[in-house]
Amino acid sequence: MGRTSRFGAGLALALALGGLTACANDSTAAAPAPSATSTAASAPAATSGLTMKDPWIKAADEGMTAAFGTLVNGGTTDVTVVSAATDVSPMMELHETTMVNGAMQMQPKQGGFTIPAGGEHALQPGGDHIMMMGLTTPVKAGDEITLTLTLGDGSTVRFTAVGKPFTGAQESYAPGAHGGAMPSMSAGAHS
């Protein structure tokens, strides 16, 4: 299992790499429809009732990518996802996108993703997502990758996400594309 990274450690890596380019926000781009094999493969945690609906990962040969889907809380109490891990990425972070000085930037989501009782939380390009850095193996279209989420109470939830080609938001996870210390997003500036 990959090492679990909490929020601050990944920012230090981003600073060391000289900045990261993140998810470009394109409100007209929709995530690809998940295949029948990309549904959550794990049972919900006994105490949380949390599952992942339609999970997928943007296919990438190296570097960075991200995992998306919809976190569904079927339980009667709020659940907070505080970290994620997988064998194909030694460093993972829960990310959000936010407007900073007129530009969209991604950053670690302080406090994690809280999913209200009986509610859902979307992970999507240009929004909240699970960032996967330093891929140890390529994620190809059709690959099934197991991820483990750690919740605020210490329990874990496992699910399987399928690799998908996705160019709708012209996302790039290449280090140094903007030369800044804070990961940023710029529509049309990515390949």
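Here is a short chat about the labels on this model.

Reply: Quick background: this is a predicted model, where local features need pLDDT of at least 70, side-chain atom pairs count only at pLDDT 80 or more, and totals for chains, interfaces and linings use all residues. Residues are numbered from 1 along each chain as its sequence is written, and side-chain values use heavy atoms, leaving out hydrogens and water.

Me: Why is the pair of W56 and F68 called tilted?

Reply: Rings of Phe, Tyr and Trp (its six-membered ring) pair if their centres lie within 6.5 Å; planes under 30 degrees apart are stacked, over 60 edge-to-face and the rest tilted. W56 and F68 have ring centres 4.7 Å apart and planes at 35 degrees, so this pair is tilted. W56 sits in strand β1 and F68 in strand β2 (strands are DSSP E runs of at least two residues, numbered from the N terminus).

Me: And what makes W56 and F166 edge-to-face?

Reply: Their planes are at 70 degrees, with the centres 5.2 Å apart, so edge-to-face is the label. F166 lies in the segment after β10, 110 residues from W56. Ring pairs link W56, F68 and F166 into a cluster.

Me: How do you know whether P165 is buried or exposed?

Reply: Buried means under 20% relative accessible area, exposed over 50%, and partly exposed in between (1.4 Å probe, protein chains only). P165 has 56%, so P165 is exposed. By contrast, W56 and F166 are both buried. P165 is in the segment after β10, and its C-alpha atom is 8.5 Å from that of I57.

Methods:
Helices (H or I, at least four residues) and strands (E, at least two) are DSSP runs, numbered from the N terminus.
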